[in-house]
Amino acid sequence: MAEIIDMPKLSDTMTVGTIVNWLKKEGEAVSVGDMLCEIETDKATMELENLVADGVILKIYINESGEAPVGAPICAIGEKGEAAPDVAAPQSAPAEPEAAPAEAAPVVEEATKPEPEGRKQESKPAPTAPAPASSDSGKRIKVSPLARKLAEEKGIPLEAIQPSGPSGRIVKKDVLAAAEKGVTAPAAASSAPIVIPSGAGIAEEGPVKISNMRKAIAKHLVESKTQIPHFYLETEVDAAALIKTRAQLNKDLTELPPEKGGIKLTVNDFILKASAEALRRVPGVNASWMGDHIQQHSSVHLAFGVAVPDGLVTPVVRDAQAKTLRQVSAEAKGLIGKARDKKLKPDEMSGSTFTVTNLGMFGVTGFYGIISPPNAAILSVGATIAKPVVNANGEITIGHRMAIGLSGDHRVIDGATGAMFLQALQTLLETPALMLV
């Protein structure tokens with residue numbers, strides 16, 4: 001008997017999915033464990049695995065680029081020659097409930113409604129092995145997950161590595177060979193400018209389809225900006241000690257193999273670690289407005305923005321207050337790699353209690369992010385720039401300054417509490433050794 005595969009619910013906020021690509025065609029044989037298609041949700045693109053039965057694809061109900069609400073039939077699997085079941089055309093996506101959990105909302109457990117035997121489907125993040133990566137220049141690079149992770153840990157740009165794997169893929173030995181040759185990323189401060197290609201022509205006039213991720217971002221931020229009373233604070237950090245400490249640590253750590261603790265720390269790693277520690281010291285900022293009460297969080301689940309071609313995702317470093325700088329750095333790098341490959345799992349980008357957004361690498365000197373509810377605040381980090389400053393002796397010298405801003409939910413945080421948090425953060429960033437003890 002033919003089995004109908006329905007559109008699965010792949011994230012806590014997903015109501016509709018888009019078929020990005022069918023990996024099987026009608027009439028093609030499939031086995032249990034085969035990947036059937038790629039589905040775009042509001043947060044990521046995932047592959048759907050066949051967990052039903054061996055057989056052939058009798059019918060594809062939703063073509064590529066087509067949308068279907070959760071629970072709608074997308075294909076049927078049965079025996080060769082068997083007639084495909086008729087199904088009703090997918091209805092439009094159901095209206096989203098009022099005050100639906102936003103992107104950073106805690107995961108909502110779905111009702112455990114029993115499913116008929118053989119119909120249960122599970123999603124799996126797309127396998128990472130064949131996934132191509134994008135270099136900073138936009139060139140597609142094939143790289144194995146292990147090689148990517150190793151390259152990130154050693155700070156080696158993928159475009160500088162000579163591939164030797166199948167179909168020109170970079171594999172582990174290529175990264176090790178590059179490291180042995182002394183290939184490293186160019187030394188760059190957090191304010192290093194992003195090079196924008198000059199050869200691209202102006203875009204053609206016309207409508208641009210809105211991705212599920214962009215729809216979710218738009219809805220989420222409109223809700224935030226219209227329902228949360230934002231207030232803003234800003235201060236300036238003397239980043240000289242941070243730059244010096246980072247350089248000293250990287251001088252030794254990047255020479256070590258990963259298994260012996262080798263890693264390359266970024267300025268953002270220090271900011272994440274310092275934010276987690278500042279939230280531990282000023283816990284009032286690590287809280288949420290719940291309508292009838294304020295929820296105080298006992299752990300810091302730290303989200304940070306990662307730009308991807310479709311928009312923005314915010315992976316979460318959980319229990320960041322209890323992790324070392326090295327652990328935060330390694331976990332953040334792993335999550336960034338998954339985000340860029342659209343391999344983040346739903347539980348890796350939900351449940352945050354605070355968010356950090358950093359545009360320093362674009363040369364932006366200061367800005368204010370929009371709060372991601374149910375977070376009560378978001379930290380905005382600008383570029384570190386060299387500028388004339390007045391030192392303790394009243395002399396004008398060259399200093400390195402980083403602007404940090406805080407957008408706070410005034411229902412949860414008062415200005416004084418926000419100021420205390422920024423003060424704690426400033427102390428940590430200007431005395432980075434405090435993060436190492």
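**View 1. Helix H5 passes helix H6 in a right-handed crossing.** In this predicted model, local features need pLDDT of at least 70 and side-chain atom pairs count only at pLDDT 80 or more, while totals for chains, interfaces and linings use all residues. Residues are numbered from 1 along each chain as its sequence is written, and side-chain values use heavy atoms, with hydrogens and water left out. Helix H5 covers residues 267-281 and helix H6 residues 325-340, and their axes come within 9 Å and cross at roughly 120° (axes are lines fitted to C-alpha atoms over the stretch in contact, with angles from 0 to 180 degrees between N-to-C directions; right-handed means that the near helix is turned clockwise from the far one by less than a right angle). From H5, Asp269, Phe270, Leu272 and Lys273 meet Leu325, Val328, Ser329, Ala332 and Lys333 of H6 (contact: heavy atoms within 4.5 Å).

**View 2. An open sheet is built from 6 strands with mixed pairing.** Followed across the sheet, the order of the strands is S12-S21-S20-S19-S15-S18 (strands pair if DSSP finds at least two bridges between them). Strand S12 (230-238) and strand S18 (316-317) stand at the edges with a single partner strand each, so one side of each is left without a neighbour in the sheet. Within the sheet, strand S15 (residues 302-304) and strand S19 (residues 354-358) run parallel and are joined by 3 bridges, and here Ala303 stands opposite Thr355 of S19.

**View 3. Helix H7 lies across part of the sheet, over S12, S19, S20 and S21.**

**View 4. Tyr232 and Tyr368 form a tilted aromatic pair.** The structure holds 2 aromatic pairs (ring centres within 6.5 Å; planes under 30 degrees apart are stacked, over 60 edge-to-face, the rest tilted). In the pair shown, the ring centres are 4.9 Å apart and the planes stand at 50°, so the pair is tilted. Tyr232 lies in strand S12 and Tyr368 in the loop between S19 and S20, so the pair ties together parts that are 136 residues apart in sequence. Tyr232 counts as partly exposed at 35% relative accessibility, and Tyr368 also counts as partly exposed, at 37%, whereas 45% of the 437 residues of the protein chain count as buried (buried: under 20% relative accessible area; exposed: over 50%; partly exposed: in between; 1.4 Å probe, protein chains only).

How values were computed. Helices (H or I, at least four residues) and strands (E, at least two) are DSSP runs, numbered from the N terminus. Rings of Phe, Tyr and Trp (its six-membered ring) pair if their centres lie within 6.5 Å; planes under 30 degrees apart count as stacked, over 60 as edge-to-face and the rest as tilted.
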